[in-house]
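Colleague: I have a new model open and would enjoy going through it with you. Shall we take it one question at a time?

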Amino acid sequence: MAAMSGKFVQNIFIAQFYQKNRQFGTQYQRDSSAPYVCTLPPFHGGKLAWTDISSMQIRNLSKYQSGFVNRGTVYCNAASSATRVPSLDKVDFLKLQNGSDIRGVAVAGVEGEPVSLTESVTEAIAAAFAAWLLDKKKVDTSRRLRVSIGHDSRISAQLLQDAVSRGIASAGLDVVQYGLASTPAMFNSTLTEDDAFLCPVDGAIMITASHLPYNRNGFKFFTNAGGLGKADIKDILERAANIYSNFVAKGYTVNKASASVKKVDYMAVYTSDLVKAVRKAAGNIEKPLEGFHIIVDAGNGAGGFFAAKVLEPLGAITSGSQFLEPNGMFPNHIPNPEDKAAMKAITQAVLDNEADLGIIFDTDVDRSAAVDSTGRELNRNRLIALMSAIVLEEHPGTTIVTDSVTSDGLTSFIEKKLGGKHHRFKRGYKNVIDEAIRLNSVGEESHLAIETSGHGALKENHWLDDGAYLMVKLLNKLAAARASGRSDGSKVLTDLVEGLEEPAIAVELRLKINQSHPDLKGGSFRDYGEAVLKHLENSIASNPKLQKAPVNYEGVRVSGFGGWFLLRLSLHDPVLPLNIEAPSHEDAVKLGLEVATALKEFQALDTSALDKFVQPQ
């Protein structure tokens with residue numbers, strides 16, 4: 001009965017968050033006519049029945065001092081009433097790092113996935129970011145730094161936003177809450193100069209876990225220099241661990257928040273800038289998309305704004321758009337432009353409504369894809385080819401930087417048809433962006449860094465991976481074509497990728513490393529994975545049927561049988577993803593068999609997916 005009672009309370013909690021989720025989505029739509037800035041009411045304390053953990057509120061900075069370096073004493077205005085939390089669990093903060101992001105479990109209910117982003121952990125991370133920001137900015141103590149906070153549609157968003165706000169405010173920094181927002185908008189808030197919107201801010205935090213399930217959440221951090229890197233995230237988590245240790249040692253109390261938290265409808269600024277960009281590209285025509293029928297699928301994430309706030313002011317018809325309302329349970333499909341079900345949903349909507357174009361976003365709008373009027377998907381290699389065509393038209397002969405799993409056909413398209421240079425780098429959007437920045441710094445001109453995942457960043461947009469801005473580039477082509485007299489809808493986009501060679505077979509197989517297997521001999525999965533790759537590389541060298549890629553930055557990439565394969569080690573997980581592309585299933589199997597033969601002696605490697613693929617049909 002006790003277990004049943006716990007589930008009952010937990011389900012009530014999720015239902016309450018779902019209701020709040022709908023409310024803040026509706027509020028976001030209403031706020032466009034409301035005053036830009038208002039002071040939030042105080043946060044309310046009290047224990048959550050389902051966790052027995054009190055909701056946090058701001059407390060004295062002394063709790064955070066171990067997270068700050070040589071900053072002296074910083075004060076904030078906190079009310080004196082406090083609630084003491086009984087106990088805190090031990091936390092391994094470094095396990096929350098996911099490359100240049102922080103990710104964790106924020107909602108209980110999934111078996112085997114205990115909550116790791118509790119309010120206390122979240123507040124410690126926020127306080128650590130404040131400490132890091134103070135050290136980086138090195139400002140005069142007479143000026144208070146300002147941090148903006150936004151979130152996607154997840155059901156834990158409001159709870160974590162409040163916790164982040166308390167951590168930042170208690171460190172003596174001003175907090176500006178944006179509510180439902182996109183990740184690109186958060187970075188832009190560090191660049192916008194507009195006192196009415198309390199911009200620019202000194203730092204920004206986006207609360208999101210991209211396309212991961214409803215129970216997950218996380219944080220992305222920005223300054224005006226861009227998104228924080230892996231080393232910065234590690235630094236922040238180490239500071240957070242020290243702050244959290246103080247919570248444990250001295251007792252964790254909660255106080256009512258100060259009045260240093262403001263609320264701003266910054267998305268009004270961000271969407272206005274997108275609209276202006278399209279109008280400018282079309283020769284300052286007020287409604288350059290008039291007559292175009294464009295459908296948006298936001299997947300119940302944060303991208304629903306694009307239909308009413310961007311497309312409609314430009315004159316586009318948006319009827320048939322779907323899943324625009326924020327819903328953190330994601331009931332229709334995963335908000336992910338790489339997901340087959342998601343792409344099928346937007347494709348069907350385009351065909352059913354006889355639309356000119358379909359646009360789909362991930363949860364926090366830093367990734368996107370499109371579908372043309374015939375139902376042809378413009379994602380992965382096709383989206384890269386399309387964006388390359390647009391960018392190389394504007395900047396001929398320059399370099400396009402992509403991740404490692406792009407096709408040989410894409411290389412041929414960029415270099416032979418478009419006259420550009422293809423620089424295939426590593427997986428990870430930050431890796432790709434940083435490499436493009438590096439190339440420019442050494443004299444190799446690049447204007448586009450883009451992953452097959454849909455992360456795409458342009459030099460003209462401050463190297464920000466912005467899914468909405470990528471789609472604006474497509475809209476610019478539509479508007480320009482209409483202005484020049486063309487009336488064939490999205491065919492102008494389809495024509496740009498004409499000649500892209502595409503494989504008949506493209507698969508990704510995930511080979512998992514069993515970390516408890518004796519073969520690891522107590523070592524790390526990363527060491528074992530590197531040994532696998534080295535052995536494969538050596539076996540390829542003596543095989544006349546296969547040719548190793550002459551330039552490669554990640555894993556082992558090999559051509560043969562008219563296709564290619566790439567085996568690499570996952571950035572974060574004990575997995576070796578294997579990508580195979582070939583002109584036929586038979587040729588793909590031949591490539592798979594070469595890999596299977598080379599890896600058969602590695603007993604800790606689960607090759608069942610590969611074994612199944614190479615079996616006779």
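Colleague: At what angle do helix H9 and helix H12 pack?

Modeller: Happy to start there, with the reminder that this is a predicted model. Helix H9 covers residues 380-394 and helix H12 covers residues 467-483. Their axes lie 11 Å apart, and the packing angle is about 65°.

Colleague: How many charged residues does the contact of H9 with H12 have?

Modeller: H9 brings Leu383, Leu386, Met387, Ile390, Glu393 and Glu394, while H12 brings Leu470, Met471, Lys473, Leu474 and Lys477. Asp, Glu, Lys and Arg are the residues counted as charged. By class, the contact has seven nonpolar and no polar residues, and the number of charged ones is four.

Colleague: Is leucine 386 buried or exposed?

Modeller: Leucine 386 sits in helix H9. Buried means under 20% relative accessible area. Leucine 386 has a relative accessibility of 0%, so it counts as buried.

Colleague: What is the separation of the C-alpha atoms of leucine 386 and leucine 493?

Modeller: Leaving out residues up to four places away in sequence, leucine 386 touches Leu378, Leu474, Leu493, Leu496 and Val497. Along the chain, leucine 386 and leucine 493 are 107 residues apart. Their C-alpha atoms are separated by 7.2 Å.

Colleague: How many nonpolar residues does the contact of H2 with H5 have?

Modeller: The crossing of H2 and H5 is right-handed. Among the contact residues are Ala124, Ala128 and Trp132 of H2, and Ile236, Ala240 and Phe247 of H5. By class, the contact has one polar and five charged residues, and its nonpolar residues number 14.

Colleague: Which peptide bond is cis, with omega near 5°?

Modeller: This one involves proline 200, found in the loop between helix H4 (183-188) and strand E9 (203-207). The cis bond runs from cysteine 199 to proline 200.

Colleague: What is the phi of asparagine 300?

Modeller: Asparagine 300 is found in the loop between strand E14 (294-297) and helix H7 (305-311). At 5% relative accessibility, asparagine 300 counts as buried. Although it is not a glycine, asparagine 300 has a positive phi of about 65°.

Colleague: Is phenylalanine 330 buried or exposed?

Modeller: Phenylalanine 330 belongs to the loop between H7 and helix H8 (340-353). Its phi is near 45°, a positive value in a residue other than glycine. With a relative accessible area of 11%, phenylalanine 330 is buried.

Colleague: Which residues does alanine 504 touch, not counting residues up to four places away in sequence?

Modeller: Alanine 504 lies in the loop between helix H13 (491-496) and strand E23 (505-513), and at 57% relative accessibility it counts as exposed. Alanine 504 touches Ala582, Pro583 and Ser584.

Colleague: What is the C-alpha separation of leucine 439 and histidine 423?

Modeller: Leucine 439 lies in helix H11 (residues 429-441) and is buried, with a relative accessible area of 2%. Beyond its neighbours within four places in sequence, leucine 439 is in contact with Thr399, Val401, His423 and Glu444. The C-alpha atoms of leucine 439 and histidine 423 are separated by 9.8 Å.

Colleague: And what percentage of the residues in the protein chain is buried?

Modeller: The secondary structure of the chain comes to 16 helices and 28 strands. Its accessible surface is about 25,300 Å², and 50% of that belongs to carbon and sulfur atoms. Of the 617 residues in the chain, the buried share is 57%.

Methods: Residues are numbered from 1 along each chain as its sequence is written. This is a predicted model: local features need pLDDT of at least 70, side-chain atom pairs count only at pLDDT 80 or more; totals for chains, interfaces and linings use all residues. Side-chain values use heavy atoms; hydrogens and water are left out. A crossing is left-handed if the near helix is turned anticlockwise from the far one by less than a right angle, and right-handed if clockwise. Helices (H or I, at least four residues) and strands (E, at least two) are DSSP runs, numbered from the N terminus. Contact means heavy atoms within 4.5 Å. Buried means under 20% relative accessible area, exposed over 50%, partly exposed in between (1.4 Å probe, protein chains only). Accessible areas come from the Shrake-Rupley method with a 1.4 Å probe; for residues, only the protein chains shown count as cover. Axes are lines fitted to C-alpha atoms, for helices over the stretch in contact, and angles run from 0 to 180 degrees between N-to-C directions.
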